[in-house]
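Today I am paging through one model with the notebook open. Here is what I looked up, entry by entry.

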Amino acid sequence: MAASHSPSTWIVLLLLMSSLVVVFADGNFYRSCDVVWGHGSHALIQEGGDLLTLSLDKTSGSGFQSKDEYLFGKIEMQLKLVPGNSAGTVTAYYSICVMHHASVLQLSSRGETWDEIDFEFLGNVSGQPYILHTNVFSQGKGQREQQFYLWFDPTADFHTYSILWNPQRIVFYVDDIPIREFKNLEFLGVPFPKNQKMRLYSTLWNADDWATRGGLVKTDWSHAPFKASYKKFKADACVWSSGSSYCSPNKNAWFWEELNFAKKGQMKWVQDNYMIYDYCKDPKRFPLGLPTECAFSNLLY
């Protein structure tokens, strides 16, 4: 599977505090997103708004964000990852709420706790697969990583990566196949992101200090510029606007969505065959005991 000595792409849903509205992104980047880093040659909206490309070289990376902020929804994007020797790259969806530090896009600090949903792709040397890295933060608490190999080459064509986020669960999908579910277990004292709105972000940047083999493999700038491509951004969600909340007509389809027997079977297939790291199976990392939700991980199916 191809990968490249490179940068990193992040797609982020950022939760800030405000009011709620619904937005239904229609796939046109002119209407749905704003370039926030690398204007001009590094971040380009093309084909009448249907395609967005980010690039990275030694002079700059690039990034964009959604125009709207969401509180619950189903968010999806088609991505084609950096091809070739992608060591040093990261491509990700993630959500952040009230960060105590500036993000990679240099957002202002707005508090000491934040929520975050990570959907990241860690590049590798040519011939080695990308690693899909997922994580969930709530109220500043994370350390809930699960990592997977993909069952296809994510650089050869576009594939759809989705996040379902409703009050009951967060589900990560790849081409409509669920790979991970994080349930709301607040009744057991497990924090769950549900009070702060999120914005979608994506950036392409150099992360060779950690992205590939813990930073042992560095970005090979002879392969620059590194490019990632995006299309068909869709946000079927409730969005904040002027202190009011508006939800899409299709709200009931995702607001109460849960995995049926067939979808649970697909998720088990992925986790049995492609999961390479699960924090719930790493007792050395948690000497005082595994996180509470790990006791329920075997009850997913």
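Entry 1: I began with Phe 72, which is buried at a relative accessible area of 9%. For my own record, buried means under 20% relative accessible area, exposed over 50%, and partly exposed in between (1.4 Å probe, protein chains only). Phe 72 lies in strand β6 and has a positive phi of about 80° although it is not a glycine. Strands (E, at least two residues) and helices (H or I, at least four) are DSSP runs, numbered from the N terminus. This is a predicted model, in which local features need pLDDT of at least 70 and side-chain atom pairs count only at pLDDT 80 or more, while totals for chains, interfaces and linings use all residues. Residues are numbered from 1 along each chain as its sequence is written, and side-chain values use heavy atoms, with hydrogens and water left out.

I then turned to Gln 139, another non-glycine with a positive phi, here about 55°. Gln 139 sits in the loop between β9 (131-137) and β10 (146-149), and is partly exposed at 49% relative accessible area. I also noted a cis peptide bond from Ala 224 to Pro 225, with omega near 0°; Pro 225 belongs to the loop between β14 and β15. As a reminder to myself, most residues other than glycine have a negative phi, and most peptide bonds are trans.

**Entry 2: strand β11.** How many of the residues of β11 (159-166) are buried? I found 8 of 8. His 159, Tyr 161, Ile 163 and Trp 165 point one way, while Thr 160, Ser 162, Leu 164 and Asn 166 point the other way. In a regular strand the side chains alternate between the two faces of the sheet.

Next I checked the partners of β11, counting two strands as paired if DSSP finds at least two bridges between them. β11 pairs with β6 (residues 62-80) in the antiparallel sense over 7 bridges, and Leu 164 is the bridge partner of Lys 74. With β12 (residues 169-174) the pairing is also antiparallel, over 6 bridges, and Asn 166 stands opposite Arg 169. A hairpin of 2 residues joins β11 to β12.

**Entry 3: strand β8.** I saw that β8 (residues 116-122) is largely enclosed by the rest of the structure, because 7 of its 7 residues are buried. Glu 116, Asp 118, Glu 120 and Leu 122 are on one side, and Ile 117, Phe 119 and Phe 121 on the other. β8 pairs with β9 in the antiparallel sense over 7 bridges, and Leu 122 stands opposite Ile 131. Phe 119, in β8, is buried at 0% relative accessible area. From Phe 119 to Val 136 I read 9.2 Å, C-alpha to C-alpha, across 17 residues of sequence.

Entry 4: A nonpolar core is a set of buried Ala, Val, Leu, Ile, Met, Phe, Trp, Tyr and Cys residues joined through side-chain atoms within 4.5 Å. The largest one has 61 residues, and Phe 119, Trp 165 and Ile 170 are among those with the most contacts inside it. Strand β15 (residues 226-241) gives the largest share of this core, 8 residues. Leaving aside neighbours within four places in sequence, the contacts of Ile 170 (heavy atoms within 4.5 Å) include Ile 117, Val 136 and Phe 182.

**Entry 5: salt bridges.** My rule was a side-chain nitrogen of Lys or Arg within 4 Å of a carboxyl oxygen of Asp or Glu. The count comes to 11 salt bridges. In one of them Lys 67 meets Asp 34 at 2.5 Å, N to O; this pair links distant parts of the chain, β6 and β3 (residues 33-37), 33 residues apart.

Which residue does Arg 169 meet with N and O atoms 2.7 Å apart? That is Glu 181, and since Arg 169 lies in β12 and Glu 181 in β13, the pair ties together parts 12 residues apart in sequence. Both Arg 169 and Glu 181 are buried. Arg 169 also forms a salt bridge with Glu 258 (3.9 Å, N to O). Glu 258 is in the loop between α2 (251-255) and α3 (261-273), so this pair ties together parts 89 residues apart. Glu 258 is exposed at 56% relative accessible area, whereas Arg 169 is buried at 10%.
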